[in-house]
Amino acid sequence: MITKYLYDENAYDYHDGGYVQLEQAPGAEHQLNVPPILAPDRVEGNDIFYTVTAQAGETSILPGAKTRTWGYNGSILGPLIKFEMGKTYHVTLKNELDEVTTFHWHGLNIVGPYDDGGPHAPVYPNGERKITFTVDQPAANIWLHPHPCPQTARQVWNGLAAPVIISDQHEESLDLPRQWGVDDFPIVLQDRTYHENQLDYNEDYDVDGTLGRYALINGTVNPVVDVKKPIMRLRLLNGSNRREWRLHFDDFHPFTQIGSDGGLLPEAVELDRIMLTCAERADILVDFSEYAPGQEVILKTDDFNLIKFKIGDFDAEKIELPSPLAKIEEIKVDSETPVFKTVMSGMDDQVRLDGKLFDMQRIDTRQEVNKTQIWEISNTNDMDGGMIHPFHIHGCQFQLIKRNGKEVNPNEHGWKDTIGVNPNETVTIKVRFTKLGIFMYHCHILEHEDTGMMAQIEIFDPKHPIEYHLMSMDHQM
């Protein structure tokens, strides 16, 4: 069993001079908000039609006046959007905000740069964009968030984020908790500060990543979950601008990780704590059967109480997980492809990717579609005084090979799209794109990507070249 966090302690966010310590939010406890499941507009065989709308609203978060927030199909965050492998989705993306936004499907393998929803796919106020794609990747917990450059961080801070689940026949065949909001919960981890109950991003802004005073879980402060089943599935997502979440129960009760960013792990991993950097996900099972009715178990981050689980009265259950849990295709590196090296450097407003700032009209590198290439991702920050940079690639899921030439962590053997890179560390991964397009790769501390710690890769087919007309940042905004 893993009994330590798997990142370098000397680089944790709480060493930063601008770190904001979490505080207990004022007011009473609240039942953890569980987002509703988005109903399709219509279904025609294997074709499913959805409408997703970015909109402004008001949400009761703290005692007193409601908070002005943004959300998808609601006032804050968004409904659960469900996709199924092999089915085709027709999604109408509407913008009812008073500024441009985009709809980025983080973790979804679809064509870029328009369907993927990066900065080249703006949806203007009172406008809409229609996309169509067929899901061809295994079951996974992914998410939706805006990606307009350079306003991603502020729009997420205002409330735009939604959980997305992909299902497939193998995952559905497993004996796993499946009652949404009963024994199967999304846990969207964020933090916010309020000024007379309102958000003021400019007041709280930190170029090295904006941190909030209060923990906000699924849009809920001081959340409580009634445990009605002995085994619960928690789909963890670090949806924060900057904060790292070092999660454990108050008694270090063990749990089982069954999935990461891109789906099920090849083998379940036993832990009593887990750390998620920005945009990382973990799918875990918690067995509460050893507790008695009336007991309370607290999920904490560091020393702060996050979620109270109140144990109810339930019948015993047991889940038998197969071994292997999932068969992960080992993608083979094409010998003729050179190693691609990319370097994250700097802190504050000096952050750079390969020594450059992002340019929406510049292609930084190219890779042939369906070819597997080794990438070496380095973080040149000092081991003392540096920071962990979470690295994300759009349009694919990748496989880890080594960390500084050493074996990767036990829960890093599945598909990933985001990986924290410690200071003075090089993470080696295998990358294969199966869709054409132009995609971003960047640090997922949102203020860092907005500052320019981002680059673009073109995925091409030499037999069918495509010419892209890339807009400038000013044009996009």
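Over the ring of which residue does the charged end of Arg 246 sit? In this predicted model, the charged end of Arg 246 sits over the ring of Tyr 12, at 4.3 Å from the ring centre.

Aromatic pairs number 24 in the model. Among them, Phe 249 and Phe 288 adopt an edge-to-face arrangement, with 6.0 Å from centre to centre and 85° between the planes. This pair links distant parts of the chain, since Phe 249 belongs to strand S15 (residues 245-249) and Phe 288 to the loop between strands S19 (281-287) and S20 (296-301), 39 residues apart; Phe 249 and Phe 288 are buried. Phe 249 also pairs with Phe 309, and because the ring centres are 6.0 Å apart and the planes stand at 65°, this pair is likewise edge-to-face. Here Phe 309 lies in strand S21 (residues 304-311), 60 residues from Phe 249, and is buried, as is Phe 249. Elsewhere, a single aromatic cluster is formed by Tyr 50, Phe 83, Tyr 89, Trp 105 and Phe 133.

Trp 105 is also one of the residues in contact with Leu 144, including Val 52, Tyr 72, Phe 103 and Ala 161, when neighbours within four places in sequence are left aside. Leu 144 is located in strand S9 (residues 140-145) and counts as buried because its relative accessibility is 0%.

Strand S29 (residues 418-421) is covered on both faces, with Thr 418 and Gly 420 buried on one side and Ile 419 and Val 421 buried on the other. S29 pairs with strand S26 (residues 389-393) in the antiparallel sense over 4 bridges, and Ile 419 is the bridge partner of Phe 391.

Terms used:
Residues are numbered from 1 along each chain as its sequence is written. This is a predicted model: local features need pLDDT of at least 70, side-chain atom pairs count only at pLDDT 80 or more; totals for chains, interfaces and linings use all residues. Side-chain values use heavy atoms; hydrogens and water are left out. Helices (H or I, at least four residues) and strands (E, at least two) are DSSP runs, numbered from the N terminus. Buried means under 20% relative accessible area, exposed over 50%, partly exposed in between (1.4 Å probe, protein chains only). Contact means heavy atoms within 4.5 Å. Two strands pair if DSSP finds at least two bridges between them. Rings of Phe, Tyr and Trp (its six-membered ring) pair if their centres lie within 6.5 Å; planes under 30 degrees apart count as stacked, over 60 as edge-to-face and the rest as tilted. A charge sits over a ring if NZ of Lys or CZ of Arg is within 6 Å of the ring centre and within 35 degrees of the ring normal.
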